[in-house]
Amino acid sequence: MTPRITSLANPTVKAVRALHLRKERDATGLFVAEGLKTVTEGLELGHAPQILLYGPQADHPLLRKAIAATTTAGGEAIEVTEAILAKVSRRDNPQAVVGVFRQVFRPLDTLEPQAAVCWVALHRVRDPGNLGTIVRTADAAGCGAVILVGECCDPYSVEAVRATMGSIFAVPLTRASEAEFAAWRSQWPGSVVGALLSATVDYRAAAYQTPSLLLMGNEQQGLPPEMAGLCDVNVKIPMRGRADSLNLAVATGVMIYAATG
Ligand SMILES: C[S@@+](CC[C@H](N)C(=O)[O-])C[C@H]1O[C@@H](n2cnc3c(N)ncnc32)[C@H](O)[C@@H]1O
């Protein structure tokens, strides 16, 4: 028998709601993942929730498994009301299951370039939806990691995690300053390829030496010269209509599949 909470004033409910704030996520090292599919994905990849909230109507073999795994790992599994789930998710039609998990960032120097054909570095990514979509695409294509260079949005925000559709648990995430990235990149054994609107080389014409490290620019400013200068080659995806650029997540998807064949 797991506990049941009905009050929005309950301290656990308040603590989970507070994880919508980056300050609180940074302070606790925790994040919220919504939905039974995403929670199950986490469990299958060895991440047990510290807190599992589920709705009164929720009943599924995978939920029972998630409840058991949560309590076995020392976490709390709690039945809550629909109103609490809606507040926790900030949605009228919330998912019936919400998990609170520990964030994981891999140190840059623990990445093993030969472990994957393609790696993705994002310079100052701002939009959580773009970041989540890129993590999902990196997972789909078997990329080694997504490396966040410079000041980036939080991959563990609720919006970014939603956009990953469960891939948040599958793709290693790494953070680096511009200087750390530049030093690490100098040891890179394959090609470092920048996606740059002013480049003259077509993205299909470049030689992608495995492992490829793709460097993508910020949504507004693009790749600044000092970052483009770290690349072996900068490439452009042809823009044939009136649009002057692709959305960052779309451009990253095109580049990843060019690099992985
Ligand atoms: C929305 S774009 C940035 C647009 C920005 N105004 C600029 O001048 O670069 C975000 C990132 O996606 C990549 N990107 C978008 N369209 C691209 C294209 N046609 N060729 C190469 N990279 C592209 C680049 O890395 C770019 O920095």
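I counted the elements of the protein and found 10 helices and 12 strands, taking helices (H or I, at least four residues) and strands (E, at least two) as DSSP runs numbered from the N terminus. I then looked up the radius of gyration, which is 20 Å, close to the 18 Å that the globule rule gives for 261 residues, so the protein is as compact as a globular protein of that length; the radius is taken over C-alpha atoms, and the rule is 2.2 Å times the number of residues to the power 0.38.

I note that this is a predicted model, in which local features need pLDDT of at least 70 and side-chain atom pairs count only at pLDDT 80 or more, while totals for chains, interfaces and linings use all residues. Residues are numbered from 1 along each chain as its sequence is written, and side-chain values use heavy atoms, with hydrogens and water left out.

I read off the extent of the C-alpha trace, which spans about 65 × 40 × 30 Å along its principal axes. Of the 261 residues, 51% count as buried, where buried means under 20% relative accessible area, exposed over 50%, and partly exposed in between (1.4 Å probe, protein chains only).

I checked its partners, counting two strands as paired if DSSP finds at least two bridges between them. E9 runs parallel to strand E11 (residues 212–216), with three bridges joining them, and glycine 194 has leucine 215 as its bridge partner there. Three bridges also join E9 to strand E12 (residues 233–236), again parallel, and in E12 valine 235 is the bridge partner of alanine 195.

For helix H3 (residues 36–44) I listed the buried residues as Leu36, Thr38, Val39, Thr40 and Gly42. Their cover, judged by contact (heavy atoms within 4.5 Å), includes strand E2 (30–34), strand E3 (51–54), helix H4 (61–72) and strand E5 (97–102). After H3 comes glycine 46, and I noted its positive phi, near 90°.

Last, I located proline 107 in the loop between E5 and strand E6 (118–123). I record proline 107 as partly exposed because its relative accessibility is 45%. The C-alpha atoms of proline 107 and arginine 175 are separated by 7.3 Å, although the two residues lie 68 residues apart along the chain.
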